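Dear colleague,

Please find below the structure that I am handing over to you. My findings follow directly after it, arranged by topic.

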Amino acid sequence: MITHIVMWNFQEQLSEAEKKEAGQVMKERLEALKDRIPGVVSLKVIINELPGSDKDIALIGEYETLEDLNHYAVHPCHLEVVDYVKKVACNRTCLDYESL
């Protein structure tokens with residue numbers, strides 16, 4: 001099993017209301033990819049609402065294999081969501097690891 005963790009901050013120029021809306025849109029669109037892309041075991045988006053964190057929103061995804069993660073990365077449905085994410089988020093950080 002491969003775990004893929006991605007974290008972002010919202011663009012600074014967004015108002016608090018726009019950040020909240022962007023978070024909900026990201027959550028809906030990213031989590032919907034589970035049923036649209038083969039090999040995705042789970043996708044969960046966490047919107048941070050607590051002070052003191054360095055990131056505003058995170059995606060935790062699980063994939064059967066590294067090949068499945070690589071397929072997800074270039075899948076047209078994912079790339080469509082990426083286009084939106086790039087408009088509202090920045091400072092992307094990623095960690096991928098294999099669990100035994």
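Thr3 is buried, with a relative accessible area of 4%. This residue lies in strand E1 of what is, please note, a predicted model. Apart from its neighbours within four places in sequence, Thr3 is in contact with Ile60, Gly61, Glu62, Leu95, Asp96, Tyr97 and Ser99.

The nonpolar core

The largest nonpolar core has 25 residues, and those touching the most other members are Trp8, Met26, Leu30, Leu33, Leu59 and Tyr72. At least two residues of this core come from each of strand E1 (2-10), helix H1 (16-32), strand E2 (40-47), strand E3 (57-63), H2 and H3. Helix H3 gives the largest share, five residues.

Trp8, when residues up to four places away in sequence are not counted, touches Met26, Leu30, Lys55, Asp56, Ile57, Ala58, Leu59, Val85, Ala89, Cys90, Asn91 and Arg92. Leu30 is placed in helix H1 and counts as buried, at 3% relative accessibility. With the same exclusion of residues up to four places away in sequence, Leu30 touches Trp8, Leu43, Val45, Leu59, Tyr72 and Val81. Leu30 and Val82 are 52 residues apart along the chain, and their C-alpha atoms are separated by 9.0 Å.

The packing of H2 and H3

Two packed helices are described by the angle between their axes and the distance between the axes. Helix H2 (residues 66-74) packs with helix H3 (residues 76-88) at an angle of about 55°, and their axes are 5 Å apart. H2 is therefore oblique to H3. On the H2 side the contact is made by Tyr72, Ala73 and Val74, and on the H3 side by Pro76, His78 and Leu79. Five residues of this contact are nonpolar, one is polar and none is charged.

Ala73, one of the contact residues of H2, is partly exposed, at 35% relative accessibility. Leaving aside neighbours within four places in sequence, Ala73 is in contact with His78 and Leu79. Between Ala73 and Leu30 there are 43 residues of separation in sequence, and 12 Å in space from C-alpha to C-alpha.

Glu80 also has its place in helix H3. At 56% relative accessibility, Glu80 counts as exposed. Glu80 and Arg29 are 51 residues apart in sequence, while their C-alpha atoms are 9.4 Å apart in space.

Which residue has a positive phi although it is not a glycine? The residue is Asn91, with a phi of about 55°. Asn91 lies in strand E4 (residues 89-98) and is partly exposed, at 46% relative accessibility. Asn91 is also among the residues that Trp8 touches.

Cysteines

How many disulfides does a search of the whole structure find? The search finds zero. A disulfide is a covalent bond between the sulfur atoms of two cysteines. For a pair to be counted here, the two sulfur atoms must be within 2.5 Å. The sulfur of Cys77 has its closest cysteine sulfur in Cys94, 20 Å away, and is therefore too far for a bond. For Cys94, the closest cysteine sulfur is that of Cys90, at 16 Å, which is again too far for a bond.

With kind regards

Note on methods:
Residues numbered from 1 in each chain as written. Predicted model: local features only at pLDDT ≥ 70, side-chain atom pairs only at ≥ 80, totals over all residues. Heavy atoms only, no water. Axes fitted to C-alpha atoms, helices over the stretch in contact; angles between N-to-C directions. Helix = DSSP H or I, 4+ residues; strand = E, 2+ residues; numbered from the N terminus. Parallel < 35°, antiparallel > 145°, perpendicular 65-115°, else oblique. Contact = heavy atoms within 4.5 Å. Nonpolar A, V, L, I, M, F, W, Y, C, P; charged D, E, K, R; others polar. Core = buried A, V, L, I, M, F, W, Y, C linked by side-chain atoms within 4.5 Å. Buried < 20%, exposed > 50% of the residue type's maximum accessible area, 1.4 Å probe, protein only.
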